[in-house]
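Please load the model in a viewer and keep the selection panel at hand.

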Amino acid sequence: MYHLKPVMNQNVVCEVPTCMYTLKPVSTFSFDPKAFTDSNTGLSGGTGVDPMSIEIDNLLQKAENDELRMLAERQQRVLQQLAELKNEILALRTELKLNAKAPSVPQATTPLKSRSELKAEPINLTCLQDFVVNASPEYVPYSLLALKNLWKDRLNLHVECFTHSTVPKLSEEALKFQTAITNSTATGASNLPQIKVTLIWKNVGAYTEMITSPTSYVPICGEVNILRYLSRCGPSEFNYELQDNVDEVDSILDACYLLLNKQNVKQRQQTLRTLGSKLGRAAGFGGAEMSLCDIAFTSAVKQVQRSVAKDINPNMAQCMGRVETVVGL
């Protein structure tokens with residue numbers, strides 16, 4: 001490598017102008033050759049440590065020590081809180097064990113009753129409201145006929161049938177159902193509370209509609225949901241919400257809704273198998289008594305029987321036969 005001359009001579013004296021005032025040095029540090037002595041070797045020279053670096057190291061060490069001290073204090077507080085929480089959990093566990101051994105206190109709410117224990121209370125006439133049902137002739141709402149025959153001694157469902165202009169011709173099942181539901185009027189029905197039902201045959205598919213307020217037109221979709229509505233405003237002994245298995249009844253009714261509204265045949269078959277497992281070998285979903293689940297199940301299977309006929313086991317057929325016999329489907 002070739003050498004270059006120094007760019008700046010260190011011995012050059014810079015003349016400071018006298019027209020400006022002077023300032024004291026910003027850094028008060030004075031150079032001390034003894035400070036550049038290696039503390040480990042004791043040698044002086046280029047291997048020494050800058051005092052400014054020592055000061056910076058001291059400041060960093062102090063800051064690090066402060067952070068470690070604060071972290072240790074925080075950890076100590078957390079450990080103390082965990083110990084207090086552990087003591088509270090142990091106390092709660094001991095208290096719960098004592099309460100579990102203590103005799104249960106009777107609740108003030110009325111316990112749920114089985115179907116046989118429900119009493120026939122007077123029907124609240126303010127809840128009785130006329131409504132309109134839009135149903136497709138391909139999906140006949142058999143549950144309306146079942147409730148009409150099941151409640152014949154308690155409540156009169158007066159049904160009138162009309163045909164919408166979108167339906168050119170009724171099917172044989174729809175005509176048979178229409179004749180049965182309009183002619184089946186029990187003796188003394190005029191003295192019973194009455195709900196007037198207007199059944200309109202309309203192309204609504206499997207989504208049977210119930211309209212209670214024509215002005216607002218907020219429909220209740222699904223035959224199962226119509227059954228839920230009628231069970232609340234109908235005779236109290238048929239209200240499934242007063243029984244002790246209300247959650248199970250709701251799950252069965254939901255499965256019946258899916259059985260009707262699943263367009264895929266495989267999904268319908270899967271839903272039918274689920275209902276079959278819930279039915280088991282019992283005579284019906286409500287045991288020996290006729291229940292709302294039996295009516296919903298029979299009506300749903302009759303509407304989709306062509307697509308799931310091979311999956312109906314003998315016990316399901318027996319349950320449906322009992323419903324058809326008792327309520328005249």
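Seven salt bridges are present in the structure, a salt bridge being a side-chain nitrogen of Lys or Arg within 4 Å of a carboxyl oxygen of Asp or Glu. The model is predicted: local features need pLDDT of at least 70, side-chain atom pairs count only at pLDDT 80 or more, and totals for chains, interfaces and linings use all residues. Residues are numbered from 1 along each chain as its sequence is written, and side-chain values use heavy atoms, with hydrogens and water left out.

**Salt bridges**

Select D294 and R322 to begin; their side chains meet in a salt bridge at 3.1 Å, N to O. D294 belongs to helix α7 and R322 to helix α9 (residues 314–327), so the pair ties together parts that are 28 residues apart in sequence. Helices (H or I, at least four residues) and strands (E, at least two) are DSSP runs, numbered from the N terminus. Both D294 and R322 are buried; buried means under 20% relative accessible area, exposed over 50%, and partly exposed in between (1.4 Å probe, protein chains only).

Next, select E324 and K302, whose side chains form a salt bridge at 3.7 Å, N to O. This pair links distant parts of the chain, with E324 in helix α9 and K302 in helix α7, 22 residues apart. E324 is partly exposed at 28% relative accessibility, and K302 is partly exposed at 22%.

Move to helix α1 (residues 51–101) and select E73 and R69, which lie four residues apart there, about one turn of the helix. The N to O distance in their salt bridge is 3.3 Å. E73 has a relative accessible area of 38% and is partly exposed; R69, at 43%, is also partly exposed. Then select R228, D250 and D254, which a network of salt bridges links.

**Strand β1 and its partners**

Select residues 131–135, strand β1, in which four of the five residues are buried. On which strands does β1 form bridges, and in what sense? Strand β3 (residues 194–201) runs parallel to β1 and is joined to it by five bridges, whereas strand β4 (residues 209–211) pairs with β1 in the antiparallel sense over three bridges. Two strands pair if DSSP finds at least two bridges between them.

**A buried loop residue**

Select F238, in the loop between α4 (223–233) and α5 (246–261). F238 is buried, with a relative accessible area of 15%.

**The whole chain**

Finally, clear the selection and colour by element. The chain has nine helices and five strands, which run α-β-α-β-α-β-β-β-α-α-α-α-α-α from the N terminus on. Of its 329 residues, 32% are buried.
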